[in-house]
Amino acid sequence: MGWAIALHGGAGDIPLSLPPERRLPREAGLRHCLHIGVEALKAKTPALDVVELVVRELENIPHFNAGKGSVLTTQGTVEMEACIMDGTKRCGAVSGLTTVVNPISLARLVMEKTPHIYLAFDGAEAFAREQGVETVDSSHFITPENVERLKQAKEANRVQIDYTQPLHKDEKKETPEADGDSKLGTVGCVAVDSLGNLASATSTGGLVNKMVGRIGDTPIIGAGTYANSLCAVSATGKGEAIIRGTVARDVAAVMEFKYVSLKEAAAYVVEEGTPKGNVGLVAVSATGEVTMPFNTNGMFRACATEDGYSEIGIWPSVQN
């Protein structure tokens, strides 16, 4: 047994031609956040604290679709959501946040300071003020890049995934990703500490040009986020498909009921249980196993284990 950590910055149709100005900052962000998580685990920080710490840092990096980088609704507003859960099945979730700097920390406060699991919209904002967490004007979260993404999505009359490349005017009629149920660019982290404690945390801004009030898989226990005594899972991809497939819980269930390894369980859920092009996930087991499968053409991801293995990648590699 040893510690292990994995994190993601979104899965989806990430083209090999992704411009360096969009690729390199995300890779640097993953590397930075992986380092923070590894150092915390080496210092014997509990897994729950580690995943919160890492996701807070991811939320503060505007190149990801969470916190500062959250994509915009059809009305040009932000509605952020997050979830955190540990191996004892304690959990907390929030949705519809417009002013909270770090939604993942508010989700943890819901878990620890209320009798509930999930708070949303005005109630979640009021709870944030009661708890004294850092809040700012909602304009803080609105980046020029996401204003431009919303403009493109509106012109194409579609709900747009985070990594979709800009459309040229003569391409509008093709409306790629016209199914409209994509939610890519989410951030997440899973960890197991040296004592075998597990935790998972996920945070997102949702999807470009989404309806106001739409809730995705991220804050739904068992869909985008799950942890129990066997494993911790954080998913990313097309939110509605992940909800339908209860993806994160299914990984744990396959381990529990089929008595297979984490890697086998996650591979089964991603390759057999979810339609291709819909999902990626990161997961760790109580024994220090780590896996990062996806059935999209790419996923921003990173991992490290106590025995010295580490990986940072986007597209399929030998390990996948």
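## The antiparallel sheet

In this predicted model, tyrosine 226 has valine 233 of strand 8 as its bridge partner. Helix 7, spanning residues 247–258, packs on the sheet and touches strand 7, strand 8 and strand 9 (279–285), with a direction that makes about 145° with that of strand 8. Strand 7 (225–227) and strand 8 (residues 231–237) run antiparallel and are joined by three bridges.

The open sheet as a whole consists of four strands in the order 7-8-9-10, with antiparallel pairing. Strand 7 and strand 10 (290–291) are at its edges, and because each has a single partner strand, one side of each is left without a neighbour in the sheet. Helix 8, formed by residues 262–271, lies across strand 8, strand 9 and strand 10 and runs at about 165° to strand 9.

## The enclosed helix 3

Helix 3 (residues 103–113) is largely enclosed by the rest of the structure, because nine of its 11 residues are buried; among them are Pro103, Ile104, Leu106, Arg108 and Met111. These buried residues pack against helix 2 (47–59), helix 4 (121–131), strand 2 (80–86), strand 3 (91–97), strand 4 (118–120) and strand 6 (198–204).

Most residues other than glycine have a negative phi.

Note on methods:
Residues are numbered from 1 along each chain as its sequence is written. This is a predicted model: local features need pLDDT of at least 70, side-chain atom pairs count only at pLDDT 80 or more; totals for chains, interfaces and linings use all residues. Side-chain values use heavy atoms; hydrogens and water are left out. Buried means under 20% relative accessible area, exposed over 50%, partly exposed in between (1.4 Å probe, protein chains only). Helices (H or I, at least four residues) and strands (E, at least two) are DSSP runs, numbered from the N terminus. Contact means heavy atoms within 4.5 Å. Two strands pair if DSSP finds at least two bridges between them. Axes are lines fitted to C-alpha atoms, for helices over the stretch in contact, and angles run from 0 to 180 degrees between N-to-C directions.
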